[in-house]
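Hi,

Here is the structure I said I would pass on. Have a look at it first, and then read my notes below.

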Amino acid sequence: MNTTTGTFTLATTVEERLGDPYDPTNPNGFQAILAAREAGRPPAGEPFGALGVGGAEVGHVDPESLMHALRAGYRRSPTLARSRGGAQRGSGAVTVGATAVGTLDSGLRMTLRHLRARRLYGAAAIDIPQLRAVLAGAYADLLLCDTLTTLAVRGTDAFPARPDAHDSVVRVLVPRVLQGAMDRLSMALGSRFYIRESEHAAFHLLLNEMQRALFAAEGRPDGQPNPADRPGRPPGPGGGGGAA
């Protein structure tokens with residue numbers, strides 16, 4: 001097994017355990033997570049307690065593998081991923097920004113699915129140049145954040161001539177880029193962003209929870225939320241920020 005393959009082995013296992021997030025019958029999917037949030041209880045599937053990254057074996061997982069595995073949780077719910085241990089259990093290099101790359105990945109996929117299915121001005125929304133530009137920009141931001149955080153967990157300095165610059169970029173710039181990309185994607189959804197049902201509600205959940213996770217970690221030297229700020233369960237339907 002080569003190094004590249006090895007770093008994704010745990011993440012692949014986690015993704016398989018969690019299943020298709022768009023499957024309405026999946027107890028670990030968006031629909032189940034949303035229903036649990038509305039009811040103020042944990043999802044029936046308790047997915048993040050069985051990730052294989054929140055237990056004692058975490059100490060035997062290298063930071064890069066842990067980062068990719070945690071992104072699987074952040075693709076579905078940053079709040080639940082944090083409440084089940086999240087990046088708190090990994091290397092200090094595995095910041096919230098590094099794991100929240102998974103949230104932007106989901107947000108981009110949701111927006112792409114939405115624009116492919118919607119028609120505007122007599123044409124498929126996906127063919128409108130301005131909306132394609134938003135998607136391309138979000139994808140570029142995703143690649144940028146993935147590269148910077150991956151180099152960080154590998155201990156590779158992207159700016160060797162500027163001491164501490166890479167660390168500052170990961171702790172400060174990456175969260176801002178992730179937030180900005182999700183905000184632009186929410187605008188690409190248009191008025192549908194405010195519809196609290198189906199994937200639109202899931203997008204709002206991701207945006208809201210990512211904001212909370214990044215805000216909790218802002219300014220902390222390790223890029224992690226204060227342990228006292230870690231939620232025990234998802235916020236209520238009216239809580240948090242977001243564009244709505």
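Before the notes on burial, the cut-offs: buried means under 20% relative accessible area, exposed over 50%, and partly exposed in between, with a 1.4 Å probe and protein chains only. Helices (H or I, at least four residues) and strands (E, at least two) are DSSP runs, numbered from the N terminus. This is a predicted model, so local features need pLDDT of at least 70 and side-chain atom pairs count only at pLDDT 80 or more, while totals for chains, interfaces and linings use all residues. Residues are numbered from 1 along each chain as its sequence is written, and side-chain values use heavy atoms, with hydrogens and water left out.

Let's start with α6. Because 17 of its 22 residues are buried, α6 is largely enclosed by the rest of the structure.

On to the cores. A nonpolar core here is a set of buried Ala, Val, Leu, Ile, Met, Phe, Trp, Tyr and Cys residues joined through side-chain atoms within 4.5 Å. The largest one has 42 residues, and Leu-104, Leu-178, Met-182, Leu-185 and Phe-203 touch the most other members. Two or more residues each come from α3 (30-39), α5 (78-83), α6, α7 (129-154), α8 (165-188) and α9 (198-217), with α9 giving the largest share, ten residues. There is also a second, separate core of six residues, among them Met-67, Leu-70, Ala-98 and Val-153.

Then the pockets. On a 1 Å grid over the protein atoms alone, a pocket is an open set of points where a 1.4 Å probe fits, with protein on both sides within 12 Å along at least five of seven lines; lining residues have an atom within 4 Å of a point. A volume is the space filled by probe spheres set on the points, which are joined across faces, edges and corners.

The largest pocket comes to about 260 Å³. Of its 17 lining residues, Phe-8, His-68, Arg-71, Arg-75 and Asp-146 lie nearest the centre. α7 gives the most to this lining, six residues.

The second largest pocket has a volume of about 210 Å³. Ten residues line it, and Val-172, Pro-175, Arg-176, Leu-214 and Glu-218 are the closest to its centre. Here α8 gives the most, with five residues.

Cheers
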